[in-house]
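Please look over the sequence and the model first, then read the points below.

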Amino acid sequence: MLAGRALLIMKQQGGGRIINMTSVSARDGGSPSSLAYSTAKGGVSTLTRAIAKGLVADGIRVNGIAPGRIDTLFHNEFTTDEKRAGAVRSIPLGGGVPPKRSSTRSSSWRHRRPTPS
């Protein structure tokens, strides 16, 4: 219901932006133990692309942010040291991002006003 109201306002004002949070797991399938999570994020990614196509004529841009692995309590409990080390080796910047850094980065990006072109 809230999304529908927001879309009405965006259409009335001639445009807007929608940002969805997805995951690299949507693209690469994640791990065997994260099937439900990866499937859900795949749905978010597909939804994002579909509504982007449908709303572009209304001046509404739709994007998805897909962060890599974020070091959360979940990984402390469910990710083995061996798997974590393998993940760190596969990431060019050398590992996961702390949750505070991840949310701060996306939040500052989200609230930045675009410069007129």
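**Nonpolar core**

The largest nonpolar core consists of five residues: Met10, Ile18, Leu55, Ile60 and Val62. The model is a predicted one. In soluble globular proteins, nonpolar side chains tend to be buried together. The points below take up the core, the strands, a helix and a charged pair.

**Around Ile18**

- Ile18 is a member of the largest nonpolar core, and it belongs to the covered face of strand β1.
- Leaving out residues up to four places away in sequence, Ile18 touches Leu7, Met10, Leu55, Ile60, Arg61, Val62 and Asn63.
- Among these contacts, Met10, Leu55, Ile60 and Val62 are also members of the core.

**Strands β1 and β2**

- Strand β1 covers residues 16–21, and β2 covers residues 60–65.
- The two strands run parallel and are joined by six bridges.
- Gly16 has Ile60 of β2 as its bridge partner.
- On the covered face of β1 are Gly16, Ile18 and Asn20, while Arg17, Ile19 and Met21 are on the uncovered face.

**Helix α3**

- Helix α3 has 21 residues and spans positions 35–55.
- From its first C-alpha to its last, α3 reaches 30 Å, close to the 30 Å expected at 1.5 Å a residue.
- The buried residues of α3 are Ser38, Lys41, Gly42, Ser45, Thr48 and Leu55.
- An α-helix has 3.6 residues a turn, so residues three or four places apart point the same way.
- Leu55 of α3 is buried and is one of the residues in the largest nonpolar core.

**Ser38**

- Ser38 lies in helix α3 and counts as buried because its relative accessibility is 8%, under the 20% cut-off.
- Apart from neighbours within four places in sequence, Ser38 is in contact with Ser25, Ala26, Gly29 and Gly30.
- Thr22 is 16 residues from Ser38 in sequence, and their C-alpha atoms are 9.2 Å apart.

**Salt bridge**

- Side chains of opposite charge can pair when their charged atoms come close.
- Lys11 and Asp58 form a salt bridge, with 3.9 Å between the closest N and O atoms.
- This pair links distant parts of the chain, 47 residues apart: Lys11 is in helix α1 (residues 2–12), and Asp58 is in the loop between α3 and β2.
- The count of salt bridges is one.
- Lys11 is partly exposed, at 42% relative accessible area, and Asp58 is partly exposed too, at 30%.

Technical notes: Residues are numbered from 1 along each chain as its sequence is written. This is a predicted model: local features need pLDDT of at least 70, side-chain atom pairs count only at pLDDT 80 or more; totals for chains, interfaces and linings use all residues. Side-chain values use heavy atoms; hydrogens and water are left out. A salt bridge is a side-chain nitrogen of Lys or Arg within 4 Å of a carboxyl oxygen of Asp or Glu. Helices (H or I, at least four residues) and strands (E, at least two) are DSSP runs, numbered from the N terminus. Buried means under 20% relative accessible area, exposed over 50%, partly exposed in between (1.4 Å probe, protein chains only). The expected span of a helix is 1.5 Å times one less than its number of residues. A nonpolar core is a set of buried Ala, Val, Leu, Ile, Met, Phe, Trp, Tyr and Cys residues joined through side-chain atoms within 4.5 Å. Contact means heavy atoms within 4.5 Å. Two strands pair if DSSP finds at least two bridges between them.
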